[in-house]
Amino acid sequence: FTPDPDEGARVRELDRAHLFHSWAAQDAVSPIPVAAARGRHFWDYDGKRYLDFASQFINSNIGHGHPKVVAAIKEQADRICMIASTFANDVRGEAARLIAGLAPPGLDRVFFTSGGAEANEHAVRMARLHTGRPKVLSAYRSYHGATATAIGLTGDHRRWDNDAAAHSGPNIVHFFGPYLYRSHFHATTEAEECERALAHLDQVIRFEGPGTIAAVVLESVVGTAGVLVPPPGYLAGVRELCDRHGIVYIADEVMSGFGRTGAWFAVDHWDVAPDLITFAKGVNSGYVPLGGVLISDAVHDTFRDRVYQGGLTYSGHPLACAAAVATIEAMRDERMIEHAAWLGESVIGPRLREIAAHHPSVGEVRGLGVFWALDLVRDRGTREMLVPYAGSGAENQPVNEVVAACKAAGMWPVYNYNRIHVVPPCNTTEEEALEGLAILDEALNHADKHVV
Ligand code: PLP
């Protein structure tokens with residue numbers, strides 16, 4: 001493409017005149033007009049290139065403009081753009097077959113949605129109808145989406161403004177999951193953290209009344225709230241608690257699924273089979289909106305002769321399903337899952353640890369696959385966060401400076417409170433990863449200035 005700053009200015013003006021932006025005070029929004037995107041890069045209208053270390057919303061797991069997926073969408077558009085979910089459709093069936101084939105055994109049915117929040121919304125509804133119980137447990141330090149139930153489940157500050165309208169209330173109860181670096185349980189080892197986090201969840205279940213709890217909803221690796229990788233045994237322990245009390249275990253794999261952790265689903269790392277798995281994002285890298293719920297035989301059986309009162313106009317949209325089929329095939333053919341695992345273990349992880357060694361502002365490096373976070377601190381001894389939880393304005397300056405330096409140098413990062421997340425597409429090359437990490441290394445000098 002040819003750079004065209006005038007067109008860029010027009011695109012920005014259009015946006016400012018007519019677009020209402022998510023998670024933002026509208027007057028503070030200043031979006032970069034994007035002219036082109038290909039592979040792991042995108043370009044603005046001035047011709048400036050950005051390395052996408054965010055995979056957009058941590059969803060473009062195969063990068064931008066994958067030719068096979070683009071071709072599959074075009075081909076499907078020529079055949080059938082839309083056919084309602086009342087009808088059987090070839091790509092819809094094939095997408096469901098492929099997705100079920102990637103899931104742990106016993107999860108053979110798929111209910112398609114248009115995104116992750118809707119998937120959680122329906123998973124919770126299925127669990128409530130299946131068990132006949134009202135309550136749902138979810139974790140503090142979590143994000144499950146922005147619809148009423150999904151934002152109610154969410155365990156971070158984004159819920160606060162929504163509490164009045166969200167379906168949180170007495171039927172959603174939050175608990176603390178494992179997070180050794182900032183342990184809520186005064187643990188000093190992973191084993192201790194695991195045991196105490198499970199004991200805490202057990203207590204919450206007992207005090208809420210096991211017979212009142214329909215589901216536990218849990219991100220298999222917590223994403224936006226910190227890339228928190230559960231200690232070995234934690235997810236198996238959750239599975240065991242759910243089994244003991246007849247509670248439906250819902251794994252939210254919207255962000256952690258489809259290669260992000262170097263596995264098709266994050267639960268694969270710990271060999272755990274939930275009752276319901278929610279997915280979206282990486283299922284087709286967002287080329288066309290798609291999400292869904294993978295459903296166990298037991299939950300499915302509830303609705304064999306009972307009507308499931310739920311549906312969506314765009315459930316199993318053929319363009320989205322064609323994109324999913326092509327995405328899964330491309331990921332398989334190009335061994336992207338294996339590559340993501342290797343990149344995390346051999347390139348990103350080791351390089352981030354080297355970076356941490358000479359930046360006093362880095363308190364902890366954690367992650368796996370193409371799913372990493374730097375926990376930034378003012379003081380390594382006390383682990384005081386570089387910027388406060390849910391802080392605002394000038395309080396966030398130290399992290400804003402790091403982010404601005406990354407962007408100025410042509411790398412687009414993800415940040416959240418005191419953390420920088422490194423979440424590039426699964427097919428990022430070693431050279432691209434090292435290039436982005438070198439930019440981050442340099443940018444962290446801004447954080448170091450604020451270390452006490
Ligand atoms: N669940 C998790 C773990 C997520 O990370 C997200 C989005 O970031 C969602 C659910 C919501 O997905 P969507 O934005 O597609 O509704």
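This is a predicted model: local features need pLDDT of at least 70, side-chain atom pairs count only at pLDDT 80 or more; totals for chains, interfaces and linings use all residues.
Local features here need pLDDT of at least 70 and side-chain atom pairs count only at pLDDT 80 or more, while totals for chains, interfaces and linings use all residues. Residues are numbered from 1 along each chain as its sequence is written.

Let's start with the overall layout. The bounds below come from an automatic or database domain assignment.

| Domain | Residues |
|---|---|
| domain 1 | 5-65 + 335-448 |
| domain 2 | 68-333 |

The C-alpha centres of domain 1 and domain 2 are 25 Å apart. Where they meet, 29 residues of domain 1 are in contact with 26 residues of domain 2 (C-beta atoms, placed from the backbone, within 7 Å). On the domain 1 side, the elements that each supply at least two residues include helix H11 (336-357) and strand E12 (371-379); helices (H or I, at least four residues) and strands (E, at least two) are DSSP runs, numbered from the N terminus.

Strand E2 (residues 41-44) runs antiparallel to strand E3 (residues 49-52), with 3 bridges, and His 41 stands opposite Leu 51 in E3.

Finally, which residues come nearest to the ligand? Of the 15 around it, they are Gly 115, Gly 116, Ala 117, Gly 145 and Val 254; a residue is near if its C-beta atom, placed from the backbone, lies within 6 Å. Helix H5 (residues 116-131) gives the largest share of this shell, 3 residues.

Terms used: Two strands pair if DSSP finds at least two bridges between them. Two residues are in contact if their C-beta atoms, placed from the backbone, lie within 7 Å.
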